[in-house]
Amino acid sequence: MTYYRPIPSTDRARPTGAFPLAGGWAWFDTVEALHRDAPSRLIPAADIPAEALENLTKPRAPIAGLTFDTPRLMGILNVTPDSFSDGGEHFSPDAALAHARSMTEQGADILDIGGESTRPGSTEVDIEEEIRRTAPVIGAIRAEMAVPISIDTRKAPVARAAHDHGADLVNDVAGFTFDPDLAPYCAAENLPVCVMHAQGTPDIMQKDPRYDNVALDVYDYLAARVTALETLGIPRKNIIVDPGIGFGKTLEHNLTLLQNLALFHGLGCAVLLGASRKRFIGTIGGAESARHRAPGSVAVALAGVAQGVQLLRIHDVNETAEALRLWQAATLGRLP
């Protein structure tokens, strides 16, 4: 099998015949053809199979009211006592609503509400407790704001309660493999989804993760999950893919995935990058506390945007939004 990684550029001197990357702000005229059992090689983009080229170039359809002609920011709202970065800070409904309001004002395009920590070593939360944490907060946000809302859950009953209270999208870190009822529910309700790669469950995922080729292994997993979701009735245009930075990956695995983010456009879906405040950012950047990793998180986010990533899942909305405005102005000549 051949995999095609577009070599993205945002340079203003765009060659005649270059192709738009996923209908967005980046372009490419060359791809890296990757194989598991042979050296990679660079070839003209115009020479790859038509279906592969279409997946790499076609504009992504709007999801939950969001268009992807510009990078979008997904603000993280953890209503948990034990999340790795901000556990307990927004656990009360009043604090959660205030933070949702603040992130929206700072530029978040969508909010991702989670009631179960999936940090390394975390354990499963009871369904009723997860609903108790998330549904009232989602209802309060929806009553006040029109911002799109994502529910971050692995469980169909939690997604059902969230959707009943106003959630627009289901984001499953287990790739819709944890609860067999979740994907059929999303299909029946025509809910868009985000499918993420993780190796192992959160309690064991960082215990010596291994891959034959991390970029291609993750690609194959996501391709299989997208096909499975399509079979269940969720159209590809309603699917976002997430390579799952930090979920069953070493620092080296994470860096390899970040270098190959453009590869995942070949799935024909919008791509989400969720690297905000992760441990590898602290290790490389020298920030032991997760709360002090905003500069490194912003740097990784902009590296993703340069590869055409459409959706950034972030904690530090204000800092990322400001950096993104300046990146767009300096790189694309695009003023807010």
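User: Before anything else, what counts as buried or exposed here?
Analyst: Buried means under 20% relative accessible area, exposed means over 50%, and partly exposed is in between, using a 1.4 Å probe and protein chains only. By that cut-off V158 is buried, with a relative accessible area of 0%.

User: Ok, and what sort of model is this?
Analyst: This is a predicted model, where local features need pLDDT of at least 70 and side-chain atom pairs count only at pLDDT 80 or more, while totals for chains, interfaces and linings use all residues. Residues are numbered from 1 along each chain as its sequence is written, and side-chain values use heavy atoms, with hydrogens and water left out.

User: Back to V158. Which helix is V158 found in?
Analyst: V158 is found in helix α4, which covers residues 156-164. Helices here are DSSP runs of H or I with at least four residues, strands are E runs of at least two, and both are numbered from the N terminus.

User: What does V158 touch?
Analyst: Not counting residues up to four places away in sequence, V158 touches I127, E130, I131, T134, I151 and T153. Contact means heavy atoms within 4.5 Å.

User: Which other α4 residues are buried, and what covers them?
Analyst: Along with V158, the buried residues in α4 include A156, A159, A161 and A162. Their cover includes α3 (127-144), β8 (149-152), β9 (169-172) and α5 (182-188). Just after α4, G166 takes a positive phi of about 125°.

User: Switching to the largest nonpolar core. Which residues touch the most other members?
Analyst: That core has 88 residues, and L77, I113, I141, F176, I239, V241 and L273 touch the most other members. Helix α6 (residues 214-232) gives the largest share, eight residues. A nonpolar core is a set of buried Ala, Val, Leu, Ile, Met, Phe, Trp, Tyr and Cys residues joined through side-chain atoms within 4.5 Å.

User: What about a second core?
Analyst: There's a separate one of eleven residues, with I63, L169, A270 and L311 among them.

User: Where's the largest cavity, and what lines it?
Analyst: Its lining is L273, A275, S276, I281, S297, V300, A301, L312, R313 and I314. Elements giving two or more residues are α9 (294-306) and β13 (311-314). The volume is about 60 Å³. A cavity is a set of points, on a 1 Å grid over the protein atoms alone, where a 1.4 Å probe fits but cannot get out, and lining residues have an atom within 4 Å of a point. Grid points are joined across faces, edges and corners, and a volume is the space filled by probe spheres set on the points.

User: L273 again! Which residues does L273 touch?
Analyst: Leaving out residues up to four places away in sequence, L273 touches I245, L258, L261, V300, A301, G304, V309, L311, L312 and R313.

User: Now β4. Why is strand β4 largely enclosed?
Analyst: Four of the five residues of β4 (residues 30-34) are buried, so the strand is largely enclosed by the rest of the structure.

User: Which strands pair with β4?
Analyst: Strand β1 (residues 3-6) pairs with β4 in the antiparallel sense over four bridges, and β4 also pairs with β5 (residues 41-44) in the antiparallel sense over four bridges. Pairing needs at least two DSSP bridges between the strands. A33 is the bridge partner of Y4, and R41 in β5 is the bridge partner of A33.

User: How many residues sit between β4 and β5?
Analyst: Six, and the two strands form a hairpin.

Technical notes:
On a 1 Å grid over the protein atoms alone, a cavity is a set of points where a 1.4 Å probe fits but cannot get out, and a pocket is an open set with protein on both sides within 12 Å along at least five of seven lines; lining residues have an atom within 4 Å of a point.
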